[in-house]
Amino acid sequence: MTRNAVTRLDRRKLLGLMMGGAAQAVYAKAAFAEGLVASPIPLPRPKDLQLQALPTGEELVAKAGLTGEMAYAVARAHGGEMLEVRDPLRRLPPASVAKTVTSLYALEHLGADYRFTTRVVRTGPVVDGIVQGDLVLVGGGDPTLDTDALGALAGRVFEAGVRGVTGKFLVEDSALPRIEEIDGSQTEVAGYNPTISGLNLNYNRVHFEWKRQGEDYSLKMDARAQKYAPDVKIARISLSSRAAPVFDHEPAAGHDTWTVARGALGKGGARWLPVRLPSLYAGEVFKLVAAQQGVTLPVAKRATDAVHGEAVAEHASAPLTVIVRDMLKYSTNLTAEALGLMATQVRGQSPESLAASARAMNDWARETLGMRHIALVDHSGLGADSKITVSDLVHMLSAPGVEATLAPYLKPIPIKDKDGRPVADHPVKVVAKTGTLNFVSALAGYVDAPGVGRLAFATIAADLPKRTAALARNEEIPKGARTFNARSKRLQQALIERWSAYYAG
């Protein structure tokens with residue numbers, strides 16, 4: 001069998017999988033009807049009839065029944081030849097697809113082997129196990145630091161011979177600017193919208209758990225990880241008799257105060273709440289896990305200036321390659337913001353806000369990746385004012401060197417059957433980054449299909465009026481948002497199936 005014959009066979013097989021025999025049915029019907037009218041002799045099969053039977057992109061968009069705007073672009077990953085577009089210059093929110101830009105930005109400026117380091121330093125000598133001075137927990141901006149890591153760090157402090165201090169226990173968080181929240185338009189209770197600082201713990205979230213006990217509830221706030229789960233006092237919560245809102249937050253001196261509507265709790269449950277005092281939170285947790293190791297410390301206080309002293313112990317994060325992979329898989333906003341801020345600082349700038357750091361990243365993306373219309377206001381895509389075009393995303397994905405750098409970190413996206421179940425061994429393979437906000441759904445990455453090679457693509461669907469209205473009502477999950485997201489995802493797959501079939505051969 002010749003190579004061309006193999007190509008044709010693969011193409012017919014793929015089209016059959018994609019379209020379920022639709023092309024053959026259309027051909028049979030057309031040939032039969034036309035033969036009766038025009039000639040008793042069978043007509044020749046029209047060239048590329050199977051492709052003609054494929055629905056167009058516009059037909060797929062219409063069938064999806066989405067409100068708002070929908071844009072897409074697809075190109076050859078090698079060379080960037082644009083194949084098909086819809087509204088390619090429309091500026092729309094990228095949601096977490098923005099993290100692909102942040103990943104490239106961080107890898108370029110921090111390097112694949114970069115590690116964040118959290119240290120414990122002392123300001124005086126150790127005499128009989130007691131530091132003659134202060135002990136300081138110094139953050140390095142690590143967005144992945146958790147309670148178990150602090151427990152291991154406390155163990156190293158014990159191994160270094162420290163049992164206590166004569167002075168203060170301080171926490172130092174100047175490695176990154178302190179930013180109250182990623183996006184001020186989000187609901188207060190959104191755990192994915194925490195405070196950012198140079199000392200972060202558990203993605204700056206606290207675990208809230210409640211259980212019904214007779215006519216009352218037991219409420220618990222802890223810094224949960226796999227090995228350690230110490231109860232904390234810096235984040236406090238109490239019951240309220242109000243009907244709404246379910247959660248309410250009020251800042252107080254030295255701790256976070258939450259209330260929760262009693263009627264919304266049911267029998268029991270748990271969720272993560274954002275932390276607004278991250279360095280003091282880390283300090284309290286370190287004090288608790290250090291006590292379990294045999295190190296006694298006073299209540300943590302935030303250092304007002306950079307502290308200099310001799311290192312006692314340190315904890316290094318995983319290398320940046322692992323952090324980027326996990327960020328793209330789990331879409332952690334705090335990680336994206338910490339990576340972007342640190343990369344901007346390494347470039348020699350001192351951003352005091354996410355918007356300032358994002359502008360530096362936008363400038364770099366224009367110069368390096370040809371993203372002419374990029375206008376992000378943060379590094380995670382959470383900000384309501386972030387905008388991008390699908391053409392910019394595809395230019396980025398097909399820029400020299402980007403595929404080799406980015407594709408290994410993207411998440412496999414399975415092709416699903418009509419019942420929503422992943423199809424095992426499907427010939428079409430997709431790796432991409434998803435992006436989801438209320439009434440915004442985006443997907444960008446690479447498609448591999450038989451006879452096609454690798455394609456770079458981006459899609460964004462957004463109903464901005466509905467999103468704006470939901471934000472104004474302070475709704476965590478507004479009515480219609482899940483339906484919008486589900487329809488968007490079905491449309492994304494339908495477009496990928498179209499491209500995989502149409503550009504085969």
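Helix H5 (residues 98-110) and helix H8 pack at an angle of about 175°, with their axes 11 Å apart. H5 and H8 are therefore roughly antiparallel to each other; angles over 145 degrees count as roughly antiparallel, those under 35 as roughly parallel, those from 65 to 115 as roughly perpendicular, and the rest as oblique. Axes are lines fitted to C-alpha atoms, for helices over the stretch in contact, and the angles run from 0 to 180 degrees between N-to-C directions. Helices (H or I, at least four residues) and strands (E, at least two) are DSSP runs, numbered from the N terminus.

This is a predicted model, in which local features need pLDDT of at least 70 and side-chain atom pairs count only at pLDDT 80 or more, while totals for chains, interfaces and linings use all residues. Residues are numbered from 1 along each chain as its sequence is written, and side-chain values use heavy atoms, with hydrogens and water left out.

On the H5 side, Lys-99, Thr-100, Ser-103, Ala-106, Leu-107 and Leu-110 make the contact with Leu-320, Val-324, Met-327 and Leu-328 of H8, where contact means heavy atoms within 4.5 Å. Seven of the residues in the contact of H5 with H8 are nonpolar, two are polar and one is charged. In this classification Ala, Val, Leu, Ile, Met, Phe, Trp, Tyr, Cys and Pro count as nonpolar, Asp, Glu, Lys and Arg as charged, and the others, Gly among them, as polar.

Helix H8 (residues 320-330) also meets helix H9 (residues 333-346): their axes come within 9 Å and cross at roughly 140°. That angle makes H8 oblique to H9. The crossing of H8 and H9 is left-handed, a term used if the near helix is turned anticlockwise from the far one by less than a right angle, with right-handed used if clockwise. Leu-320, Ile-323, Val-324 and Met-327 of H8 make this contact with Thr-335, Ala-336 and Leu-339 of H9. By class, the contact of H8 with H9 has six nonpolar residues, one polar and no charged.

H9 in turn packs against helix H10 (residues 354-369) at an angle of about 65°, with the axes 9 Å apart. Glu-337, Gly-340, Leu-341 and Thr-344 in H9 meet Leu-354, Ser-357 and Ala-360 in H10. The contact of H9 with H10 divides into three nonpolar, three polar and one charged residues.

**Strands and sheets**

Strands of a sheet pair through backbone hydrogen bonds, either parallel or antiparallel. Here, two strands pair if DSSP finds at least two bridges between them. The table lists pairs of strands.

| Strand pair | Sense | Bridges |
|---|---|---|
| S11 and S13 (residues 255-261) | parallel | six |
| S3 (residues 117-122) and S16 (residues 310-316) | antiparallel | six |
| S3 and S6 (residues 135-138) | antiparallel | four |
| S9 (residues 205-213) and S14 | antiparallel | seven |

An open sheet of three strands has the order S11-S13-S12, with mixed pairing. Strand S11 (235-240) and strand S12 (247-252) stand at its edges, each with a single partner strand, so one side of each has no neighbour in the sheet. Neighbouring strands of this sheet are turned by 25° against each other on average, direction ignored. Within it, Ile-237 has Trp-258 in S13 as its bridge partner.

Another open sheet of three strands has the order S10-S9-S14, with antiparallel pairing. Its edges are strand S10 (216-222) and strand S14 (268-274), each with a single partner strand, so one side of each is left without a neighbour in the sheet. The twist averages 20° from one strand to the next. His-207 has Trp-272 in S14 as its bridge partner.

**Local backbone features**

Most residues other than glycine have a negative phi, and most peptide bonds are trans. Asp-87, although not a glycine, has a positive phi of about 50°; Asp-87 lies in the loop between strand S2 (82-86) and H5. The peptide bond from Ala-244 to Pro-245 is cis, with omega near -5°, and Pro-245 lies in the loop between S11 and S12.

At the start of helix H13 (residues 464-472), a side-chain oxygen of Asp-463 reaches to within 3.2 Å of the backbone nitrogen of Lys-466. Just after H13, Asn-474 takes a positive phi of about 60°.

Notes:
A polar contact is a pair of N or O atoms within 3.5 Å; within protein, one must be able to donate a hydrogen and the other to accept it, and residues adjacent in sequence count only if both atoms are side-chain atoms.
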